[in-house]
Amino acid sequence: MKSFLAQMMLLFFLPLSGQVADKTVTDCNGNSRSIHGVLATGKVLVVTSSGVDCSICMGAAPAVQTFAAQNTGTMEVWGAMTFKSSSNTNNPSCTQVNNWVNTYSWNDVFAFVDSNRHFFMS
């Protein structure tokens, strides 16, 4: 009986440990969004970590926009921008991020500088 109660408690509390920590990010225009804010709307949040110096990222960028545009009603897509391929340890500038957004028409992707590499390789 103790084993059964322990299993029931585990089944009850296990989903509570799956909460993702909230994080607020701000784009170069001063617009802020938070993980919990997006999830509270009932939408799925997809974050792509893209490098302004990454050729693979450049090749995938149009598909990211297409995916985001096709799913605006059910999900939100964020673009966490950083440097990936170069030895540059600085953050990309807002000019570089805005050039990326304009070049790849990321109208439906919320792009921001991932300044502390929170979304980089995670």
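Is Thr95 buried or exposed at 52% relative accessibility? Thr95 counts as exposed, because its relative accessibility is 52% and the cut-offs are under 20% relative accessible area for buried, over 50% for exposed, and partly exposed in between, with a 1.4 Å probe and protein chains only.

First, the ground rules. This is a predicted model, in which local features need pLDDT of at least 70 and side-chain atom pairs count only at pLDDT 80 or more, while totals for chains, interfaces and linings use all residues. Residues are numbered from 1 along each chain as its sequence is written, and side-chain values use heavy atoms, with hydrogens and water left out.

Now the chain. There are 4 helices and 5 strands; both are DSSP runs numbered from the N terminus, helices being H or I with at least four residues and strands being E with at least two. Along the sequence the pattern reads α-β-β-α-β-α-β-α-β. The chain has 122 residues, and 32% of them count as buried. A contact means heavy atoms within 4.5 Å. Take the contacts between residues at least 6 apart in sequence: 72% of these join residues at least 24 apart.

Next, the sheet. Three strands form an open sheet in the order E3-E4-E5, and the pairing is parallel. Strand E3, residues 44–51, and strand E5, residues 109–113, stand at the edges with a single partner strand each, so one side of each has no neighbour in the sheet. From one strand to the next, the twist averages 25°. Strands count as paired if DSSP finds at least two bridges between them. E3 and strand E4, residues 75–82, run parallel and are joined by 8 bridges. Within that pairing, Ser50 stands opposite Met81, and Gly51 stands opposite Thr82.

Helix H4, residues 94–103, packs on this sheet and touches E3, E4 and E5. The direction of H4 makes about 160° with that of E5. Axes here are lines fitted to C-alpha atoms, for helices over the stretch in contact, and angles run from 0 to 180 degrees between N-to-C directions.

How many residues of E4 are buried? The count is 8 of the 8, so E4 is largely enclosed by the rest of the structure. Met75, Val77, Gly79 and Met81 point one way from the strand, while Glu76, Trp78, Ala80 and Thr82 point the other way. In E3 we can look at Ser49, which counts as buried at 16% relative accessibility. Leaving out residues up to four places away in sequence, Ser49 touches Ala80, Thr82, Lys84, Phe119 and Phe120.

Thr95 and Cys28 are 67 residues apart in sequence, and their C-alpha atoms are 8.6 Å apart in space. Thr72 is in the loop between helix H3, residues 55–70, and E4. With a relative accessible area of 37%, Thr72 is partly exposed. It touches Lys43 and Asp108, not counting residues up to four places away in sequence. Thr72 and Asp108 are 36 residues apart along the chain, with 7.4 Å between their C-alpha atoms.

Two residues have backbone angles to point out. Most residues other than glycine have a negative phi. Ser105, in the loop between H4 and E5, has a positive phi near 50°. Ser105 is partly exposed, at 36% relative accessible area. Arg117, in the segment after E5, is not a glycine either, and its phi is positive at about 55°. Arg117 counts as partly exposed at 30% relative accessibility.

Last, the pocket. The largest pocket has a volume of about 190 Å³. A pocket is an open set of points on a 1 Å grid over the protein atoms alone, where a 1.4 Å probe fits, with protein on both sides within 12 Å along at least five of seven lines; lining residues have an atom within 4 Å of a point. The volume is the space filled by probe spheres set on the points, which are joined across faces, edges and corners. Of the 14 lining residues, those closest to the centre are Asp27, Asn29, Val109, Phe110 and Ala111. H4 and E5 are the elements that give two or more residues to the lining. The lining divides into 7 nonpolar, 4 polar and 3 charged residues. Nonpolar means Ala, Val, Leu, Ile, Met, Phe, Trp, Tyr, Cys and Pro; charged means Asp, Glu, Lys and Arg; the others, Gly among them, are polar.
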